[in-house]
Amino acid sequence: MSNIKITCVIVDDEPMALNLVESYVNKTPFLSLKAKCNSAIEAMEFIKEQPVDLLFLDIQMPDLSGIEFSKMLPKNTRVIFTTAFDQYALEGFKVEALDYLLKPFDYAEFLVAANKASTWFSLIKEKKQSNVSNQKEFLFVKSEYKQLRIKLADVLYFEGLKDYIKIWLKNNPKPILTLMSLKSLEEELPETNFMRVHRSFIVSLKNIDVIERSQIIINDQRITVSEQYKPRFLEFITNNSL
């Protein structure tokens, strides 16, 4: 049995189905229920404020279907579909659902699906830990015909300016300017320490001084977290809050 806790939300427009899945979650030690929602719209509003690992998600619901909703989720939020209709299995596969429970299902079937989720999240955790132990400590960047060695621990944030990047460092009032795109830089940085929060900014998570609503303050510089990057940033805050 996994030693990690998987946070989850149940989404279904049928009260009996909600209550049944809730009873299954509550008897499964590695699952932690954060909310029950009657619609995808309600669930969307909840996870904006409190990201979770897993959704037990009905498919046929008014206003927004489970399939449509699953395409809007943050990349680290996974789905187990719960539905009375088997014709959606292919679509569930396309959106990379962890499993597909066909109603009516019993606890044994539910537990098989939950264990798949447990295995998946355990593998992700191991991968992150491996990345931390093997992550790079510096980058070489070209600036003014020189190759400069930049210690990543000294970086406050990266600022994109068209085809150039400004690298802002601790104890250095002037940035280093290098010809590079933020997208290519993002692929080189360890994701446990750096996060893109805006079209023009990648920040050092370890050097954030203050988070104020939708803004990050680093060394007196205010950086807005844009809507596109907000779910992942909120997940980081949730995972690192007391």
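Leu161, Tyr164, Leu177 and Leu179 make up a nonpolar surface patch with about 380 Å² of accessible area together. Patches consist of residues with over 30% relative accessible area and no salt bridge, with like charges joined within 9 Å and nonpolar side chains (Val, Leu, Ile, Met, Phe, Trp, Tyr) within 5 Å. A salt bridge is a side-chain nitrogen of Lys or Arg within 4 Å of a carboxyl oxygen of Asp or Glu. Accessible areas come from the Shrake-Rupley method with a 1.4 Å probe, and for residues only the protein chains shown count as cover.

The model is predicted: local features need pLDDT of at least 70 and side-chain atom pairs count only at pLDDT 80 or more, while totals for chains, interfaces and linings use all residues. Residues are numbered from 1 along each chain as its sequence is written, and side-chain values use heavy atoms, leaving out hydrogens and water.

Helices (H or I, at least four residues) and strands (E, at least two) are DSSP runs numbered from the N terminus. Tyr164 is partly exposed, at a relative accessible area of 40%; buried means under 20%, exposed over 50%, and partly exposed in between (1.4 Å probe, protein chains only).

Ile10, in strand S1 (residues 6–11), is buried, with a relative accessible area of 1%. What does Ile10 touch, leaving aside its neighbours within four places in sequence? Its contacts (heavy atoms within 4.5 Å) are Leu18, Val21, Glu22, Val25, Leu33, Ala35, Lys36, Cys37 and Phe56.

Phe56 is part of strand S3, where Leu54, Phe56 and Asp58 on one side and Leu55 and Leu57 on the other are all buried. In a regular strand, side chains alternate between the two faces of the sheet. Five of the five residues of S3 (residues 54–58) are buried, so the strand is largely enclosed by the rest of the structure. S3 pairs with S1 in the parallel sense over four bridges; strands pair if DSSP finds at least two bridges between them. Here Val9 stands opposite Leu55. Five bridges join S3 to strand S4 (residues 78–83), also running parallel, and Leu57 has Phe81 as its bridge partner in S4.

Elsewhere, three strands form an open sheet in the order S13-S14-S15, with antiparallel pairing. Strands S13 (210–212) and S15 (221–224) stand at the edges with a single partner strand each, so one side of each is left without a neighbour in the sheet. S13 and S14 (residues 215–218) pair over three bridges, and Glu212 has Gln215 in S14 as its bridge partner.
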